[in-house]
Amino acid sequence: MTERGNDQPLPLSVDRTSPVPLYFQLARQLEAAVEQGRLAPGTLLGNEIDLAHRLGLSRPTVRQAIQSLVDKGLMVRRRGVGTQVVHSQVRRPLELSSLYDDLETAGQRPGTLVLRNAVEPAGAEAAAALGVPEGSEVHAVERLRSAHGEPVALLRNHLPLGLLPLPTGELEETGLYRLMRAAGITLHSARQSVGARAAAQAEARLLEEHAGAPLLTMERTTYDDTGRAVEFGSHVYRAGRYAFEFQLLVRP
């Protein structure tokens, strides 16, 4: 098991005096190597028997460590090929940023497919978020966002009509917030909620999951510097490919 472009083995080790299970110690080191790019997408892992011998571990322990990363979606077992690194999990901080920017910052090579880009009557939820009468026209955009060519999220956004031009070609080339900022809109704050639910059949097909698979959800209403609601987003993310990060402070 070697680093990308390097014949030297990864510096893996286990502490037998630690109460942390050996398989978990190994899994954490392999996960860190994926996150840091030392095991790049497409990398084939070496022989499990060789790794077990090098670390003085049993083969079932090594297999359990690797299986835990397969379960997280970081690796995949391919018949006739072996175990291969697929991608690192997208870890998104809870701040006012776009998924496109977060993927690009993480080196995840974002891609976008616009599924819907139209003017339509606002439903009750979007109308309430944007502060417009239900049934009034709003701009609706639905996009499938991918990283390294694999679907990560299904993004549904509603914006006030006439806020800014939203050509489909530009929506597929960059992020919505970048387009808003380029149009002179100053994003100031947002109200956001995070949750989880099972994937509906249509969502599962687009995200390459099975119906009923766990999805992370996020709803966000974004305001400009005048206090006007400029966007309502209702998004779902593949749980195995995505995580929200929280920073918690102790109140004095």
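I took two strands as paired if DSSP finds at least two bridges between them. Helices (H or I, at least four residues) and strands (E, at least two) are DSSP runs, which I numbered from the N terminus.

**Entry 1: basis.** I worked on a predicted model, in which local features need pLDDT of at least 70 and side-chain atom pairs count only at pLDDT 80 or more, while totals for chains, interfaces and linings use all residues. I numbered residues from 1 along each chain as its sequence is written, and side-chain values use heavy atoms, with hydrogens and water left out.

**Entry 2: the sheet.** I looked up strand 6 (residues 150-160) and found it joined to strand 9 (residues 229-238) by six bridges, the two running antiparallel. Within this pair, R156 has S234 of strand 9 as its bridge partner. Both strands belong to an open sheet of six strands, antiparallel in its pairing, with the order 4-5-6-9-8-7. Strand 4 (110-121) and strand 7 (187-198) are at the edges with a single partner strand each, so one side of each has no neighbour in the sheet.

**Entry 3: strand 5.** I then followed strand 5 (residues 137-147), where 10 of the 11 residues are buried, so the rest of the structure largely encloses this strand. I used buried for under 20% relative accessible area, exposed for over 50%, and partly exposed for values in between (1.4 Å probe, protein chains only). Strand 5 pairs with strand 4 over 11 bridges and with strand 6 over 10 bridges, in the antiparallel sense in each case. V141 stands opposite N157 in strand 6. The hairpin of strand 5 and strand 6 has two residues between the strands, and H148 there takes a positive phi near 55°.

**Entry 4: salt bridges.** E142 forms one with R116, with the closest N and O atoms 3.5 Å apart. This pair links distant parts of the chain, with E142 in strand 5 and R116 in strand 4, 26 residues apart. R116 also stands opposite E142 in the strand pairing. E142 counts as buried at 12% relative accessibility, whereas R116 is partly exposed at 26%. A further salt bridge joins the side chains of E203 and R197 (2.7 Å, N to O). R238 lies in strand 9 and E209 in the loop between helix 8 and strand 8, 29 residues apart. Salt bridges that share partners connect R116, E120, E142, R156, R197 and E203 in one network.

Entry 5: I listed E48, L51, A52 and L55 as buried in helix 2. These residues cover an arc of only 100° around the axis (taken from the directions from the helix axis to the C-beta atoms), which puts them on the same side of helix 2. The face turned away from that side carries the exposed residues D50 and H53. I also looked up the largest nonpolar core, which has 21 residues; such a core is a set of buried Ala, Val, Leu, Ile, Met, Phe, Trp, Tyr and Cys residues joined through side-chain atoms within 4.5 Å. Helix 1 (22-35), helix 2 (48-55) and helix 3 (59-71) each supply at least two of its residues.

How values were computed
Salt bridge = Lys/Arg side-chain N within 4 Å of Asp/Glu carboxyl O.
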